[in-house]
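Let's take a friendly walk through part of a protein model. Have the picture ready and follow along.

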Amino acid sequence: MSFATLLRRDVPASLVVFLVAVPLSLGIALASGAPIVAGLIAAVVGGIVAGLFGGSAMQVSGPAAGLTVVVAETIARFGWAATCAMVVAAGALQIVLGLSRIARAALAISPAIVHGMLGGIGLTIVLGQLHVVLGGSAQSSALDNLLALPGQLVGSHDTAAFIGVLTIGILLLWPRLPHAVRKVPGPLAAIAFTTVLALVAGMQLDRIELPGNLLEISFAPRLPEGGWFDIGVAVLTIALIASVESLLSAIAVDKLHTGPRANLNRELVGQGMANMTSGALGGLPVTGVIVRSSTNVAAGARTRASAVLHGIWVLLFSVLLAGLLESIPLAALGGLLVHVGAKLLDVGNIRQVHRHGDLPIYLVTLLGVVFVDMLSGVLLGIAASLVLMLLRTRSKIHAEVDGDRWRVVVDGALTFLAIPKLSKVLAAIPERAEVTVELVVDYLDHAAFENLSSWQLAHERTGGTVVVDEIGHPYYQRGKSGAPTVSRLAATPVVPRWLASWSDWQAKSGPHLPDQRSAPPSTAQLALGTSEFQRRTAPLVQGTLSGLADGQNPHTLFITCADSRIVPNLITTSGPGDLFAVRNIGNLVPADSGVTGDTGPPLDTSVGASIEYAVGVLRVPEVVVCGHSGCGAMKLMLDPTAELPAVREWLRHAEPSLRRYQKNSPVSLNGELPAAEGDRLALHNILQQLRHLRRYPVVAEAEARGELHLTGMYFDVGAAQVYLFDPESGTFEPAGERAACSRD
């Protein structure tokens, strides 16, 4: 940090944050029921200690509204001195958590719970401080404050109510004033204006009371008496809430600047040190405060010096100008707290929570905080989030019927939560029916297994038949064998049906379908595949296919072998409408005889027509010729003894490839030659077919205009590896390593 940056950026920013921190610290102390000076002590310690030792350079710490309810309850039960001791203990716990490097675990808490907690705190503050603003006194609980509020609103109001309402009005109006005016922080302007007005008008109001000499304050912590469980709960609550609020604030601040990111574990240690110091000196608990931190960033701070200096300014102001603080009306601070509490009920956060479907969690947490207590509200929110998570992971269960044949489809996690729905669906199946239970589940727990297994046994005893068809890990089969899978982590990864080899699943599932038992095996397999498409795939792709119903615009003409192992859309990660495919034995492109010295059969009109249509009409920007390992056509070219007349006639189109292979140097795959001779011929065959392509006028003209790119591709079936030809190196290189080119 340069001295120039300190003077130009951090000092002015620290002054702005100081002006915001003073009235907020006083108001939070008032709302907590703690000595007023405790808020100032926490502001000083939070700025200096947390600023020096925390992990977020831009975060500013101090007393926060998020802990007012907990602190107020703790003070009421154990007293102020004992509360200070608990703050020290909470700080020590924070240090242990930070050194344990588990700070990021706090991020596992649902944002809906955090926002609900802050909203509940805000509502509690508003309900209590409205009584102060209107000239009354806050009740002992949020419920009492709510019940007494109508009477307070219609009762007589004195000058205190005027000052409180005026403070709220100024804070609401301030963001709408010109930018030059808004350079003065709104809280400072509201408190200063109402204080001066009250003094000039000679209003008789309750005001802040401070000790005569702040340097002689003695708030030595004292160990609480008895109730150690309750004490431990209070310490844990303070530590957890302070930690979560600080960590979330640090993450939010990181989004506001481009400087170094926060070290969350160090931030937790710094917050713990600040709380131990604050509690020992008689101060409120300390947390990272987003209001002060965002003000710090907006004011132009660059280093942690701004946070430290803000704490020093609070100390100097409190010691040298304490008389000014004693002029502030309590009603003005009450108005400030009503505004702060209302801002914690952030409408934007509520909308975001609602969009994510977590509004029930937010409301449960908020109501628990307001009408029970802070810890209970958070625990209720966690319970609500777990229940909602379980409900969201329930299986989709439905039955399909065709005469006496039933198919029950279960999709998702089949747990005890799904048993009522599963039992209802199974109970609707009549006796002696033929049933296939299709399990597409990613987990099956013991309760669901027992329910399904018992039903299967009972149904079969009444003369029915049940076949359980599992798609994915065999949870049910493993359970029946006495070796159940008890964890998703122990489940064997299974290739999806749409990707797996047909024989992997059709051989097991096909014979189970009653209407396919009498059909030839191949017909049964195909029928099962089309049924699978209609049930599962068609609903997913119907939207895409509907957009292609009136025309196609493929990006590639894909010429490849008819070999059943080659799935063009799979190896190119493409879908409907992407590839205009031409498949034949040997991925051949017939060439006209007598062109550039090559002799061969007449031009094949079928392949030629496809090329002409794809390039001339559809205007594809790329043509790919894809060969592969283990190609039967290449093996036949090297073995002239096989008697396959029609195949031999077609393979005359590959004779130029064989001559090329015999006359030229080998072509390599990433610098290595394939072991099989047929695979070495296949590489030359790809390059020869690219040469044939350029003899088609429509291809040559499009390539000359720069509108067409030709690509050579080779697929190693056993290795599941795609190679693309690179003319610069003259080799086929693994896809993704270099851009594919085509000229040989």
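## Two strands side by side

Strands β9 (residues 622-628) and β10 (residues 709-716) run parallel and are joined by seven bridges. One of these links Val 625 to its partner in β10, Gly 712. Strands here are DSSP runs of E with at least two residues, helices are runs of H or I with at least four, and both are numbered from the N terminus; two strands pair if DSSP finds at least two bridges between them.

The model is predicted, so local features need pLDDT of at least 70 and side-chain atom pairs 80 or more, while totals for chains, interfaces and linings use all residues. Residues are numbered from 1 along each chain as its sequence is written, and side-chain values use heavy atoms, leaving out hydrogens and water.

## The whole sheet

Now look at the sheet around them. Its six strands follow the order β8-β7-β9-β10-β11-β12, forming an open sheet with mixed pairing. At the edges, β8 (579-584) and β12 (731-734) each pair on one side only. From one strand to the next, the twist averages 30°.

## Helices on the sheet

Helix α25 (residues 605-617) packs on the sheet and touches β7 (556-561), β8 and β9; contact means heavy atoms within 4.5 Å. The direction of α25 makes about 170° with that of β8. Helix α29 (residues 677-693) lies across β7, β9, β10, β11 (721-726) and β12, at about 165° to β10. Angles run from 0 to 180 degrees between N-to-C directions, with axes fitted to C-alpha atoms, for helices over the stretch in contact.
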